[in-house]
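Me: I am new to this structure and would like to go through it step by step. Could we begin with the sheets?

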Amino acid sequence: MPELPEVETVRLGLQPVLEGHVLTEVVTRRGDLRVPFPANFAGRTKGCKVRALRRRAKYILADLDSGETLVIHLGMSGRMSVYSEGKQRRIGSYVYDKAPEGAGNGKHDHVVFETDAPARIIFNDHRRFGLMTLVETDRLDEDKLFKGMGIEPLSAGFITAYLAKALDGKKTPIKSALLDQRLIAGLGNIYVCEALFRAGISPKKLAGSIRHERLPPLVMAIKKVLKDAIAAGGSTLRDHAQATGDPGNFQHHFLVYGREGKPCKRPASSSKAVGDKISCKGTVKRIVQAGRSTFYCPKCQA
Ligand SMILES: [Zn+2]
């Protein structure tokens, strides 16, 4: 399941060919994804200019000049692939390949957009848990998809005071609290495990029992791990690909996730003993919390 960094990576790759550009063609190859497309989906989007391409939690939002916002969710396996017309093209830091023969006609190519960049954008989703819908831009926050959604962890408002208030009195483990989308939007299993490791906090610790002075490093760890993952193009464990088709690279930088039974990677800089190469001799452990795997080091996360 793509988390915030993977969705942001896709958004960044779509931005040069969508933002400020007109959707010159919109084709849907079936009536539904996870849910049916809204009535007249192609008619309501074709000819519209994309004013801004934003992200909220794990949703990509294209604000159209019609006053509606095209809401895209990648689900489990959705991909947005960008192809340039004619030949390979570089726009900013992205290189888009030219569309191969039959691009957009594949069995799982469910939606094809053409823009005046010019570019072809293909939404491919073999498990079909993705979603595309249209919501009045002015009413997005009240829509059932977004109502009650928590703060964006990379926003300026996500500070220690916010987290302290959100966790106050909570008797659930910190891991579960950080996954609660009503508190923080877009955080998922991988990045919560990684952030808790970086902050040295046990995933089992009750959220409301964490001392206040331990919260600033946790806020910083959450922001840092998300930023690092976005810079690496996200993590490709199964289906995630950037809009250029390239896989993400952050899976090579996991410190705990998926590392059960391996030595802890707590860096030497956090060691008290000078000259100690690895400060922690612990072994990464996997436990199950609320049905999800948690990876952590019992020795240095308390
Ligand atoms: Zn450790």
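Me: What is the order of the strands in the open sheet that contains E1?
Reply: The order is E1-E8-E9-E5, an open sheet of 4 strands with antiparallel pairing. Helices (H or I, at least four residues) and strands (E, at least two) are DSSP runs, numbered from the N terminus, and two strands pair if DSSP finds at least two bridges between them. This is a predicted model, in which local features need pLDDT of at least 70 and side-chain atom pairs count only at pLDDT 80 or more, while totals for chains, interfaces and linings use all residues. Residues are numbered from 1 along each chain as its sequence is written, and side-chain values use heavy atoms, with hydrogens and water left out.

Me: Which strands stand at the edges there?
Reply: Strand E1 (23–28) and strand E5 (79–84) do; each has a single partner strand, so one side of each lacks a neighbour in the sheet.

Me: How many bridges join E1 and E8?
Reply: E1 pairs with strand E8 (residues 109–115) over 5 bridges, in the antiparallel sense. Val27 has Val112 in E8 as its bridge partner.

Me: Which strands of this sheet does H1 touch?
Reply: Helix H1 (residues 4–18) packs on the sheet and touches E1, E5, E8 and strand E9 (119–124). Touching here is contact, meaning heavy atoms within 4.5 Å.

Me: New topic: is Leu61 buried or exposed?
Reply: Leu61 counts as buried because its relative accessibility is 2%; buried means under 20% relative accessible area, exposed over 50%, partly exposed in between (1.4 Å probe, protein chains only). Leu61 lies in strand E3 (residues 59–64).

Me: And what is the order of the sheet with E3 in it?
Reply: That open sheet of 4 strands runs E2-E3-E4-E10, with antiparallel pairing. H1 packs on this sheet as well, touching E2 and E3.

Me: Which residue in E10 is the bridge partner of Thr69?
Reply: The partner is Val135. Strand E4 (residues 68–73) and E10 pair over 6 bridges.

Me: Now the helices: at what angle do H5 and H6 pack?
Reply: Helix H5 (residues 189–199) and helix H6 (residues 215–231) pack at about 130 degrees, with their axes 8 Å apart. Axes are lines fitted to C-alpha atoms, for helices over the stretch in contact, and angles run from 0 to 180 degrees between N-to-C directions.

Me: Which residues meet there?
Reply: Among them, Tyr191 and Leu196 are on the H5 side, and Leu218 and Ile222 on the H6 side.
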